[in-house]
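Good morning, colleagues. Please have the structure open as I speak.

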Amino acid sequence: MESLQVQVQEESILIEKVCQIYEKLSKLETLKPSKDVDNLFTQLVHACIPHSSINIANLPANIQEIRSKLIRLCGEAEGLLEAHFSTILGSFKNPLHHLNIFPYYSNYLKLGRLEYDILNQHYSTTSETPKRVAFVGSGPLPFTSIVLASYHLKDTTFHNYDIDSTANSMASRLVSADHDLSKRMVFHTADIMDVTDELKDYDVIFLAALVGMNMDEKNKVIQHLAKYMAPGALLMLRSAHGARAFLYPVVDPNVLHGFNVLSITTYFNTNTMRVSLAYCYVSS
C-alpha cells in the first residue's frame, strides 16, 4: 500500500514537472537552438529518463492533450537542432570527418550497433546482408543511414525519404564529398503515403520515431507499409515507453496488423530525447 502511494506521488510530481516545462516551451517565440531552448529540453529529458511505471494510456484527457502537443514541440525542436548542425557540417570540405561535433553523435553510434545486431539476428535470405534499405523520415541529419552505411552495411544502398526537400538537400550535402557514400546514399523528397510499388524493392525499412506524431497517424503509415512492402521484408521502428512517452509517440505491437513481432529491444540512452524501444517486424 505504501509503495503504491509512493508511485502515485512520483507520477504526480512527474506530470506536474512535464506540464510546467510544456507551458514554458509553448511560450517561446522559436525552438531553434539557444540557451533557453536547450535548457528546457534538458530539463524535460532529465525528468523523463528515470524509470517510471506510469501508464500514458491512463492519463486524463487534459494531460493527454498536453502530451500530444509536447511531442509535436519535441519533433519541431529536434528538426531545428538537426538542421542547425547539418548547416555547420555542410560548411566543411568533407562533412563526414566532423560528425562528432553533433553532441549526440556517440548515441547514434551505439544505436546503430544495436539495430545492426537486431537485423543481423533476424535477417534470413540467401544474401548475407540487406542490399537495399529505406529510411523513412531521414531529415537533414541522416545519422542512422550514415552510421549503418559507414560501419555495418558497407555494401548496402540506402534510400532516404523525407517530405522536406530542404532537409534532403542538406542531407545530400553531407555525403556528396565522400566517394563511397555519395554512391550508396539516395534521397527522395516524398510523402511516404504516396510511395507504393517502390516499397517492394527494399529488404529493410526503418521508420523514424517522429513519422506519425500520434498513434492514429503512425498506424496509417505502418499499414501503408504493410500493404506495399515485399513479403519477408523487415520493418524497424522506434518507440517509447514509460515517461519517455512524453517525448515520442508510442507504438503498441498488439495493434499492428500485417507484421509479426521478431524482437523488442530496450535502448536506454540518457543523453538525448531519442530513448526508444526498437521493434522489428516482418511483412506477412
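**Surface, fold and selected residues**

Let me begin with the surface: the protein exposes about 13600 Å², and carbon and sulfur atoms supply 51% of that area. Accessible areas here come from the Shrake-Rupley method with a 1.4 Å probe, and for residues only the protein chains shown count as cover. This is a predicted model, in which local features need pLDDT of at least 70 and side-chain atom pairs count only at pLDDT 80 or more, while totals for chains, interfaces and linings use all residues. Residues are numbered from 1 along each chain as its sequence is written, and side-chain values use heavy atoms, with hydrogens and water left out.

I turn to the fold. The secondary structure comprises eight helices and seven strands; these are DSSP runs, numbered from the N terminus, with helices (H or I) of at least four residues and strands (E) of at least two. The radius of gyration of the protein is 19 Å, close to the 19 Å from the globule rule for 284 residues, so the protein is as compact as a globular protein of that length. That radius is taken over C-alpha atoms, and the rule is 2.2 Å times the number of residues to the power 0.38. Along its principal axes, the C-alpha trace spans about 55 × 45 × 30 Å.

Of the 284 residues, 52% count as buried, where buried means under 20% relative accessible area, exposed over 50%, and partly exposed in between (1.4 Å probe, protein chains only). Contact means heavy atoms within 4.5 Å. Among contacts between residues at least 6 apart in sequence, 77% join residues at least 24 apart.

Next, the cysteines. How many disulfides are there? Taking a disulfide as a pair of cysteine sulfur atoms within 2.5 Å, the count is zero. Cys19 is in no disulfide, and the nearest cysteine sulfur, that of Cys48, is 11 Å away. For Cys48, the closest cysteine sulfur belongs to Cys74, at 8.0 Å, which is too far for a bond. Cys19 is buried at 17% relative accessibility, and Cys48 is buried at 0%.

Where does Phe246 lie? Its place is the loop between β5 (234-239) and β6 (259-267), and at 1% relative accessibility Phe246 is buried. The C-alpha atoms of Phe246 and Thr189, 57 residues apart along the chain, are separated by 29 Å.

Finally, consider α5 and what follows. Eight of the 10 residues of α5 are buried, so this helix is largely enclosed by the rest of the structure; among the buried ones are Phe143, Ile146, Leu148 and His152. Thr156 sits in the loop between α5 (143-152) and β2 (157-162) and is buried, with a relative accessible area of 0%. Setting aside neighbours within four places in sequence, Thr156 is in contact with Thr129, Pro130, Lys131, Arg132, Val133 and Arg184.

In strand β2 we find His159. Is His159 buried or exposed? At 8% relative accessibility, His159 counts as buried. Its contacts, again leaving aside neighbours within four places, include Arg132, Val133, Phe135, His188 and Tyr202.
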